[in-house]
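Biologist: Please show me the model, and then I will ask what some of the terms mean.

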Amino acid sequence: WSLPNAEHYALQYVDGRQTYITESNRGEIKNGSILRLTTSPDQEAERLYSGIQSNNSDVKTDSLKKLANLSQDVTFAQEFINRNGLKQIFYIVEEGNDTGEMLAHTLKAFMELMEHDFVSWETLSAAFIKKIVSFVNMNTVDASVQQLSLSILENMVPASRLLFELVKKEVTLDRLLTHLQVTNAQLQLKAMALLIALLLAATDAERRDMMDYLREKNIRQFIHKNIIHSSEPLGDEMAHYLYVLQSVSLNLCERRMRTSMDPYSQEQRELLQSLRQTAFESESEAPASNFSTERRRSLCAKEFRKLGFMNNSNPAEDLRRAPPGLLALDNMVYFSRHTPNAYSRFVLENSSREDKHECPFARSSIQLTLILCEILHVGEPCSETAQAFYPMFFGQDHFFEELFCICIQLVNKTWKEMRATQEDFDKVLQVVREQITRTLSLKPTSLELFKTRVNALNYSEILKLRQTERLHQEETLAVPVLELRERLKPELLELIRQQRLLHLCKGTLFRKISSRRRQDKLWYCRLSPNHKVLHYGDVEEGVHSPPIESLPDKIPVVDMKMLLVGKECPHMKEKSSGKQNKDVLELAFSIVYDVEEYCLNFIAPTRYEFCLWTDGLNVLLGKEMMSERTQTDLDVLLSMELKLRLLDLENISIPDTPPPVPKPPSNLNFCYDFSHTEQ
């Protein structure tokens, strides 16, 4: 545009962050971006540098407001800092008495300028830091100033150990807790951010002391009631801080988790003995001093074996593995002291089971503690972005131990459901891990709710979920595949019907059961090849497939009225109840035929034959095939047929909805007319 003094002007984005266009970022301009012509960053920096020194408070406030806005741009920030602009900002903060709008703009500008990392946080003067701390500690300051002051301190803490110690000393935890309890959500968020920054920058010992102090002050109850269950939805940033707080709290278990048991420690040995005494004290009321040392030792070894320790003569050996180390012992002791009834029931119930089927309490506890540490990421550094905190963590003191108490009882329950033996130990714990992770993913709000849900998710439910997920992976549950499945069903059911009728044509050897329970007489029944007549008759032992002519009796299919099974059958009604009769009951069926309603009574040799015959007779009667075998056969055939049909779609994802059919063209002039032969 041939402007004079072109270097005094620059282009700037109109929308979003109003960044200046420079040689380095001009390539990022997208088509459609709206730019405006404005004064260049160095001219603007010069003008605002003068403006913030003005004696006129309106000019000064406007200049600071514009400075706070423009400082987001790296080019402008460089120019302003080069003019020693930060010194002027320090002066306004340190010397000024304003605690309102002007100060808020100044602090905002300072924050934005520091974001670009041109200046180190360690260069800040003590006077400036003290002033910022005073804004946090004063009650009369504007909320926006307090928010910015908390943000500045939060950024300062990780910069150096010196700054951390200074902030920790000047801003007490009590003061931060006061800020957490305000109704202003932004102020609450910034206070939480500074608290988390202090926790992360602290040494292990300092962190432990801080967490103990926060526990005394009931921060957990406050967060659970006023932040997690407040009327306002939880923002991403607050969710992240709660995740970090949860992570820091759980990591306090790390030291015990990584410490092996010391067999020479009196305190640890006493904890171990307390487990044995709590479980078996009623049994061993006879004073142990009456026994010889050898007898006492063998009694202890026997009791430790009942407790489920692998090394019953020296159970401390089981706790040498770290992780889970002493944390497993702590959990077992907590369980035995806080839920003594459940603990005794677990141990005594398994002591009375057969050796192979007992669920070992100690071995399960050690493995379960390790699983919980892995699921809850104990001992792992905090993620910088994760927001996955568990609301129930803040609803419970001693969360880890209480969770263990629920899960160790779950281990026993699942062990019984799986009818497990010692060889299945790893398999049971694998299922328990899945039960815990699946329930935690539902984010239950309290441990009670977790307990209800995890107990409802029994072994058979886990098997169903696994089956469904496998089908999803194989894409057999995609909508188009389900439609194809439904379309294939009639054809495959017809195939099953044909197979059942063929089986009836081949015939089966049945036994007659007399009232004296002697199974001595045999008879044979088969369907004629034209499916119109059932032929049957007595046969001799050793005859397997008699010709149809040798069977004297027959029933025309048209005369068949209905099929009866189980208790409905006339030959079953007078039988007494007993295990043998129950088995026979499951194999019994009868055909009602003719006008007089005669019955032909069958007792199938196997359940398989029962299913095939009842299905075949239902087909002849024009009814649905009802046996469990039909469903199994149909599933197998459908699965095979679907896999064959989908072979060509290997590694191609099937969309849930079919692609749209395009509209027909407005005319068909593009079709070539072959009727005219070319000349």
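The talk below takes up a pocket and then a pair of helices.

Modeller: This is a predicted model, where local features need pLDDT of at least 70, side-chain atom pairs count only at pLDDT 80 or more, and totals for chains, interfaces and linings use all residues. Residues are numbered from 1 along each chain as its sequence is written, and side-chain values use heavy atoms, with hydrogens and water left out.

Biologist: What makes a space a pocket and not a cavity?

Modeller: On a 1 Å grid over the protein atoms alone, a cavity is a set of points where a 1.4 Å probe fits but cannot get out, whereas a pocket is an open set with protein on both sides within 12 Å along at least five of seven lines. The largest pocket holds about 750 Å³ of space, a volume being the space filled by probe spheres set on the points, which are joined across faces, edges and corners. Its lining has 27 residues, and Arg215, Ser249, Leu252, His398 and Glu401 are the closest to the centre; lining residues have an atom within 4 Å of a point.

Biologist: Why are α18 and α20 called roughly parallel?

Modeller: Angles under 35 degrees count as roughly parallel. The axes of α18 (residues 340–351) and α20 cross at roughly 30° and come within 11 Å, so the two helices are roughly parallel to each other. Axes are lines fitted to C-alpha atoms, for helices over the stretch in contact, and angles run from 0 to 180 degrees between N-to-C directions. Helices are DSSP runs (H or I, at least four residues), numbered from the N terminus.

Biologist: Which residues make the contact?

Modeller: Ala342, Arg345, Phe346, Glu349 and Asn350 of α18 meet Ile408, Gln409, Asn412 and Lys416 of α20; contact means heavy atoms within 4.5 Å.

Conventions
Parallel < 35°, antiparallel > 145°, perpendicular 65-115°, else oblique.
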